[in-house]
Amino acid sequence: DVTYKTNNIGARDNINYYKNSGGIVLLGDSFIEGVGVNLNNTFALKLRNKGNRVLNFGSAGDFGPLQEFIIYNELISKYDHEEIIIFFLPANDFTDNSYKYQKKLFGQRYRPYFRKNASGSFEIYYPKNSIPSDLYPSSERKKSFIIKKILIDYFYSANILRQFRLSILGSSPEIQKIFNNDYGYGFSDEDSINGVVYYYEKLFKLIPSDVVKTFIIIPTDRDLREIYSNNSKYLDMSWYKKIKEITAKNDITLIDLALNKNNALIVNQRHEEKNWFLKCDGHWSKEGHQYAVERYLQSKK
């Protein structure tokens, strides 16, 4: 069992954040929030235990690069910080905010997406029929949702049925096409790649020049297996070249966790990677968080 607690701004942490908190800010998705592990085993706390001040703005729930740009612009920029670490998960960060995947993956859920405009650039939009709410659970939730939530919270059978439903959804040909043919490090849809790169470049411009910047690419267990089987062809993929280009142009340290500090494939060098992920859902285990912290600290030497 893992217990989740949030602080004064809704971040997963055991300390409150204030404007002058300073230090290192983390920006990423559920891997960085630390889904599936206790707080002391997360990247944020492991780094804090090394003597650093750390503010963790990582957020679970399909949190992609466009949302990272928005949260930095509207929230993080108001907090003093000397350093930022941005985490990128190819497994879903290409699809989280792309207009191409909105209907198939998220329907009318209220969240931001990017789409190409007439000038060939990218603009932000929200689904027409989606409704924002300041309340949680949303005041617009139907009674059926409340009943469903009670069943999930108190009856194991409800969770079994939910898992069965997710398995059926995952077997959908459309979903399979997205995540089987164009998965993670092998992603090739240029529109979505260009949208991600566009909003990362906008994010980089927002960050003050005197803030130290690190960009960390996260492979999943599946990514590592596929990289090993295809001899790391991702190094020549369009998305990888563009990420390398924009990080170099903006003086950002780039760390690819699929490679060791000498740019050799991790899966060819060691076998501990099988312990880096939770068996139940694929997020980092405490060993995965530890590996990521070690790689980050190595880059500082």
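How many bridges join strand β4 to strand β5, and in which sense do the two strands run? Four bridges join β4 (residues 113-116) to β5 (residues 122-125), and the two strands run antiparallel; two strands are said to pair if DSSP finds at least two bridges between them. The structure is a predicted model, in which local features need pLDDT of at least 70 and side-chain atom pairs count only at pLDDT 80 or more, while totals for chains, interfaces and linings use all residues. Residues are numbered from 1 along each chain as its sequence is written, and side-chain values use heavy atoms, with hydrogens and water left out.

**Overall make-up**

- The protein has 13 helices and seven strands, where helices (H or I, at least four residues) and strands (E, at least two) are DSSP runs, numbered from the N terminus.
- Of its 301 residues, 46% count as buried; buried means under 20% relative accessible area, exposed means over 50%, and partly exposed lies in between, with a 1.4 Å probe and protein chains only.
- Among the contacts between residues at least 6 apart in sequence, 71% join residues at least 24 apart, a contact being heavy atoms within 4.5 Å.

**Strands**

- In the hairpin of β4 and β5, five residues lie between the strands, and Gly 120 takes a positive phi near 90°.
- Within this pair of strands, Lys 116 stands opposite Phe 122 in β5.
- Strand β1 (residues 24-27) is covered on both faces, with Ile 24 and Leu 26 buried on one side and Val 25 and Leu 27 buried on the other.
- In a regular strand the side chains alternate between the two faces of the sheet.
- β1 pairs in the parallel sense with strand β2 (residues 54-56) over three bridges, and the bridge partner of Val 25 in β2 is Leu 55.
- β1 also pairs in the parallel sense with strand β3 (residues 83-88), here over four bridges, and in β3 the bridge partner of Ile 24 is Glu 83.

**The largest nonpolar core**

- The largest nonpolar core holds 73 residues, of which Tyr 200 and Trp 239 touch the most other members; such a core is a set of buried Ala, Val, Leu, Ile, Met, Phe, Trp, Tyr and Cys residues joined through side-chain atoms within 4.5 Å.
- Helix α9 (residues 190-206) gives the most to this core, with seven residues.
- Not counting residues up to four places away in sequence, Trp 239 touches a set of residues that includes Phe 88, Pro 90, Phe 94, Phe 187 and Ile 217.

**Cavities**

- Rolling a probe the size of a water molecule over the atoms shows where empty space is left.
- A search of the whole structure finds two cavities of 30 Å³ or more; on a 1 Å grid over the protein atoms alone, a cavity is a set of points where a 1.4 Å probe fits but cannot get out, and its lining residues have an atom within 4 Å of a point.
- The largest cavity has a volume of about 40 Å³, a volume being the space filled by probe spheres set on the grid points, which are joined across faces, edges and corners.
- Of the eleven residues that line the largest cavity, the closest to its centre are Pro 90, Ala 91, Thr 95, Asp 182 and Phe 187.
- Helix α4 (residues 90-93) gives the most to the lining of the largest cavity, with four residues.
- The second largest cavity, with a volume of about 30 Å³, is lined by Ile 218, Pro 219, Leu 257, Trp 276, Phe 277, Trp 284 and Tyr 291.

- Thr 42 lies in the loop between α1 (30-33) and α2 (43-48), and it counts as buried because its relative accessible area is 1%.
- Leaving aside neighbours within four places in sequence, Thr 42 is in contact with Arg 12, Glu 33, Gly 34, Val 37 and His 289.
- Asp 96, in the loop between α4 and α5 (102-106), is buried with a relative accessible area of 2%.
- Asp 96 and Tyr 113 are 17 residues apart in sequence, and their C-alpha atoms are 7.9 Å apart in space.
- Gln 298 is found in helix α13 (residues 286-299) and is partly exposed, with a relative accessible area of 31%.
- The C-alpha atoms of Gln 298 and Lys 261 are separated by 7.6 Å, although the two residues are 37 residues apart along the chain.

Methods
On a 1 Å grid over the protein atoms alone, a cavity is a set of points where a 1.4 Å probe fits but cannot get out, and a pocket is an open set with protein on both sides within 12 Å along at least five of seven lines; lining residues have an atom within 4 Å of a point.
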